[in-house]
Amino acid sequence: MFNQLFPLLRTGSRRMAAAFALPLLLSACSGLKYVPEGQKLYTGSKVIIKSPEKLPNQSALQTELESVIQPKPNGSILGLRPKLYFWGIGQGKTKGLKHFLADKFGEAPVLLKDVKISATSGLITNRLYNNGFFQSTVTNEVKTQEKTAQVDYTANTGRVYTIDEIHFPDRDTLVDADIRRTQAGTLLKKGDAYNLNTFTAERVRIDNELKNQGYFYFNPDYVLFQVDSTLHNKVNVYMRVKATAPSKATRPYWLDEVKLNTNYVLTDTVRRKPVLFRHYQYLPDERVFKAKAITNATFLYPDSLFRRRRRDQTISRLMSLNTFKFVEIRLAPAAAGDSAGRARLDADVLMTQLKKKSLRADLQLISKSNGFTGPGLTVSFRNRSALRGGEQLLLNAVASTETQTGSAAGNSAIGLTSYELGLNAQLLIPRLVVPHLPLLDVRLPNSDFQPRTTIGAGYRTVNRAGFFNEDFFNLNYGYTFKTKITNEQEIRPVDITFVRLANTTQEFDQLLTDRPFLRSAFQQQFILASSYRYTYNQQVLEQRRQQIYFSGQVEGSGNVAQGIASSIGQAKDDNGKYTIAGQEFSQYLKFDVEFREYYRISQDPTSGNRIVARFQAGVGLPYGNSDVLPYPKQYGIGGPNSVRAFAARGIGPGTYRPTTEAANNNRFYDQVGDIRLEGNIEYRQDLIPYLKGAVFLDAGNIWLANPDLSRPGVDANGQPDGRYGQFSPSTFLKELAVGAGVGLRVDIQFFVIRFDYAFPLQAPYGTPVSQAGRFNLAIGYPF
């Protein structure tokens, strides 16, 4: 085919060649020439719904009816069928390029004779019955052209049948009585359309309810619905327990012995004698666990009614200790019942341990958008039961060194070289360490997730060679707990940080003198913070087509300290500030929210084709003892996980833009603020296995709560505009930096390498100084 075009391209004009080439190309790639003589290529079907009344769920019904249509036609793009073309050129070939193309990309023609029209009509009728259209009919029509054929199905639904009466089991038996007690939560509602899926879900609901009332051997199939449809477009529903249900399925079971084995292995043949602890048969491994730690996470109690909810909760709680590789619960009938005639179950809770201690080292190459690159080493030690109660002790030692390449500013910048050393420790206690309160059960018995108390301490020192040393000391204490799989709350009443600036050089001292706000942010001080964070995350619900993520946090610092200082009459220092041990402490309120939405284009849960959006807002309000937020708490914007067309901390505050070499060199310190707004939207598309593409748009900026005369705003011509980085409700939308770009992501599930190329569309001061694109290399998705 393509050989026929080359002479035209060589001897005629390009316009004439294109006029001849296009029809030939379309004719060949349509694939119709490969349809066998006397046959029709099947091009698909559609379902036409005709109803005497408006159907509220017609779109969903249409999708369900079309889902039964088989076979699927050959794939096409704008009328072209490249797969069929590749199949055709490979016919009769056993090797060579054409055979390869046919084998890898080809698809045999789907013909009209392959379509089972009668069977498909029957399937559509069945789906209509399942949705309450008991008087429906289905007709079909074959529409043919010279080489193709289409089959259209018309579903005449008639009127839908609705539920008029619902009768629960009425026998005088224990199981019937327990089913009747679940009636308040029934999914069957009078006036609702008959729907088989609802009846199926109702059986599952009843089974779940009975499983939590001791009916260990019950099964959803034992519930029978008898439907009387002789009424005019109405049905009466009679629920029954099948007569064939075995007797063991219709009686509740109680737990007898509950055995806890904390060191179970498949090859273990040694018979150890259990000890009795809190009525449990406990197989001790006291080198790793205290018995109390395991029984506190076990919600199956000896001599109690079996409840599946408690079984699942026990597995979840034990696994969330992060000390076990596997947890399995085996239930079997006890040897005998009890004096009350109750049936009994024995439970074996089998736990396979992870290694108690582990040591890990990670070597990384750090590359930052501000031009710093260098190696980093992290050494981590973990003890999974440090105090024999499931407490996790984490120790991390961090060391890194960075060198300023000058690529960010084009000149040598402040902090030519840098190194960082740090050591931190965390103790994660699998319970809430709080006093017993009358209205709070610290075990959170209705949660599937283990609550935690976190105690942390750390030290980090940062050295910018030739400029300064900065030491950070941190101590924190808090709680984390989940009431549902999607909800998590974190309360941190104590989060103390002491910042000490030392060994400053004359050049850096001059910078602080020129930048009073920066001097206030860098001064050594106490940060006495408390915070609360709430997170709602539907990403754990992988089957959902639309997933929502929300995180909100409020943080305050210095309020208690100031209250104490005021109450005891403490005098202020020469700067008019209250102090602790001679050091000023920060005082501020900080509010942060983040909202994300993930919408999957395809109904296939494994598809990566989705639209993702994120909105972030943060406000820090310094007051009292502080004129500006401490430097570690300030906001920066830009970089590979933010507005990707600009460098990290390369935007704002407000319309501020470094216009001198010194200001450009110092921008990593200057371009921070007290207020942040950011929005991102991204379309992600599967390309080939393990490779995804993306198109994105980012916008955002930061501002100051109070004006900074050392950071004047400028207009598009670089002239002062009279603003000094302060937020203004009337102008902030015009001051957003905007960028767009495309990306590639190598996604192998547990590891993602991301390549993004973005270019600026708008700077806070107007047209960007440079409209050159920016390449970002990062690990993981930006959000």
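1. Let me start with a charged pair. Asp-471 and Arg-500 make a salt bridge, with 2.7 Å between the closest N and O atoms. Keep in mind that this is a predicted model. The two partners come from distant parts of the chain, 29 residues apart: Asp-471 belongs to strand S17 (residues 468–484) and Arg-500 to strand S18 (residues 487–502).

2. Are the two ends of that pair buried or exposed? Asp-471 has 6% relative accessibility, so it counts as buried, the limit being under 20%. Arg-500 is partly exposed, with a relative accessible area of 34%.

3. S18 holds Arg-500, and here is another pair to look at: Arg-492 with Asp-495, where the closest N and O atoms are 3.6 Å apart. The cut-off for a salt bridge is within 4 Å, so this pair still counts. Asp-495 is buried too, at 12% relative accessibility.

4. Further along, Lys-692 bridges to Asp-686, and the closest N and O atoms are 2.6 Å apart. Asp-686, at 28%, counts as partly exposed.

5. How many salt bridges does the structure hold? The count is 36. Some of the charged residues link up into a network: Arg-644, Glu-682, Arg-684, Asp-698, Arg-745, Arg-754 and Asp-756 are joined by salt bridges. As a reminder, side chains of opposite charge can pair when their charged atoms come close.

6. Now for a sheet. Five strands make up an open sheet with mixed pairing, and their order is S8-S9-S7-S11-S10. At the edges are strand S8 (275–277) and strand S10 (324–333), each of which pairs on one side only. Ignoring direction, neighbouring strands of this sheet are turned by 30 degrees against each other on average.

7. Which strand does S7 pair with in the parallel sense over three bridges? That is S9: S7 covers residues 253–261 and S9 covers residues 280–283.

How values were computed:
Residues are numbered from 1 along each chain as its sequence is written. This is a predicted model: local features need pLDDT of at least 70, side-chain atom pairs count only at pLDDT 80 or more; totals for chains, interfaces and linings use all residues. Side-chain values use heavy atoms; hydrogens and water are left out. Two strands pair if DSSP finds at least two bridges between them. Helices (H or I, at least four residues) and strands (E, at least two) are DSSP runs, numbered from the N terminus. Axes are lines fitted to C-alpha atoms, for helices over the stretch in contact, and angles run from 0 to 180 degrees between N-to-C directions. A salt bridge is a side-chain nitrogen of Lys or Arg within 4 Å of a carboxyl oxygen of Asp or Glu. Buried means under 20% relative accessible area, exposed over 50%, partly exposed in between (1.4 Å probe, protein chains only).
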